[in-house]
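Keep the viewer open while you read.

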Amino acid sequence: MNTSQYIIGIDLGGTNLKISAYTFSQFHKLYERRIATRPKKGWEYVMNQIHTAILELYTVLPKQNAVCIGVGIPGLLDIETGVSIFSSKFPKWENMPVARWLSEKTGLPVYIDNDVRVNLYGEWLCGAGKHKKNIVLLTLGTGIGAGIVIDGHVLYGATASAGEIGHMNMFRPGRPCRCGSDGCLGRYVSASGILDTIKEKIAAGNSTIMSEWVNGNPDKITAKMISNAYDLGDHMAIDTMNETGVILGYGLVNVINLFNPEILIIGGGMSAAGERLLQPARKIVAEHALRLSREHCTIVTAQLGDSAGMLGAALYARQRFENGTRF
């Protein structure tokens, strides 16, 4: 393999499209670019955004040295045929032949996988989970995503949909979920979930400094504001973070008891809350998870941030290109 050859890794998010290039052998980063996805403009617009981003990359790196492309996509996929079956983040996005379309445009092999799993590949091989064989990665964003490694193998399941930890039922009845059920973990422990909790408390007549920050409009409160208010001693923010952390803790108890991981990695934008959220979660785990399992599991935050998806997509593409197999 030519030492100047490289792999393209793409993390396709509902807000941003992130693209990087890495050397084929050592995975040194050669290039990175981020652009707005604008999914409401439709399938063709998004795919053309990806193609345009690749053409821009070629102005920096020689086109002929590109080997293959890996793409992380939210939602349900047929990873063998390269079809994106459904994604809640992309309107009118059903059965889209992402790999074939992009391969025809670039002339390169294209491999797709779920966006959370490509984050898992990055953290497992190069980040917080390095040298571990039993890992669960949870990404806390607008919902909850998860990727799982058991005995050194990624858990995919019959339809490559394994690991939907965010849809574990925590309450019956509970908040309705887009999956068709209600009371799902992700409806409480996520950026949208914690904001719903704040709005419920305000509607019940509780006061918070955050109401002053948004001129009385609770729809303008952000997850970051909750952390800031927590640090200022705001009782509602503290109560909300503790309540959310407790629910997360019970979710982690289930995860630890079911999968027996060595390490449980918390990533995603909401992980920025750090110990404000994890301290009550750790307490619940200590009290309720199976003793032997919890004593052999470390709960940490992700190391690679939002670069994990790009790196993981490239790592996944190299694995498929070289071996024709998944991790």
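1. One term first: contact here means heavy atoms within 4.5 Å. With that in hand, look at Ser 190, which touches Gly 141, Thr 142, Gly 143 and Met 270, leaving aside residues up to four places away in sequence. Bear in mind that this is a predicted model.

2. Where does Ser 190 sit? Ser 190 is in the loop between β11 (153-154) and α4. Is Ser 190 buried or exposed? Its relative accessible area is 0%, so Ser 190 is buried. The side chain of Ser 190 has a polar contact of 3.2 Å with the side chain of Ser 192. A polar atom of the Ser 190 side chain also lies 2.9 Å from the backbone nitrogen of Gly 193. For a sense of scale, Ser 190 and Ala 21 are 169 residues apart along the chain, and their C-alpha atoms are separated by 30 Å.

3. Next, Lys 201, which belongs to helix α4 (residues 191-203). Buried means under 20% relative accessible area, and Lys 201 counts as buried because its value is 17%. What does its side chain pair with? The side chain of Lys 201 makes a polar contact of 2.8 Å with that of Glu 243. Glu 243 also turns up in the contact list of Lys 201, along with Asn 206, Met 236 and Thr 240, again not counting residues up to four places away in sequence.

4. The buried residues of α8 are Leu 277, Leu 278, Pro 280, Ala 281, Ile 284 and Val 285. Why do they fall on the same side of α8? They cover an arc of only 165 degrees around the axis, which puts them there.

5. Staying with α8, Gln 279 and Lys 283 are exposed, on the face turned away from the buried side. What covers the buried residues of α8? The cover includes α7 (235-259) and α9 (291-295), as well as the strands β9 (135-140), β12 (263-267) and β13 (298-301).

6. Those strands take us to an open sheet of five strands, in the order β11-β10-β9-β12-β13, with mixed pairing. β11 and β13 are the edge strands, each pairing on one side only. β12 and β13 run parallel and are joined by four bridges. Ile 263 has Thr 298 in β13 as its bridge partner.

7. Last, strand β1 (residues 6-12). Seven of its seven residues are buried, so β1 is largely enclosed by the rest of the structure. Tyr 6, Ile 8, Ile 10 and Leu 12 point one way, while Ile 7, Gly 9 and Asp 11 point the other way, and all are buried.

8. What does β1 pair with? Seven bridges pair β1 with strand β2 (residues 16-23) in the antiparallel sense, and a hairpin joins the two through three residues. Within that pairing, Ile 10 stands opposite Ile 19. β1 also pairs with strand β4 (residues 66-73), in the parallel sense over six bridges. There, Asp 11 stands opposite Gly 72.

Technical notes: Residues are numbered from 1 along each chain as its sequence is written. This is a predicted model: local features need pLDDT of at least 70, side-chain atom pairs count only at pLDDT 80 or more; totals for chains, interfaces and linings use all residues. Side-chain values use heavy atoms; hydrogens and water are left out. Buried means under 20% relative accessible area, exposed over 50%, partly exposed in between (1.4 Å probe, protein chains only). A polar contact is a pair of N or O atoms within 3.5 Å; within protein, one must be able to donate a hydrogen and the other to accept it, and residues adjacent in sequence count only if both atoms are side-chain atoms. The arc is that of the directions from the helix axis to the C-beta atoms. Two strands pair if DSSP finds at least two bridges between them.
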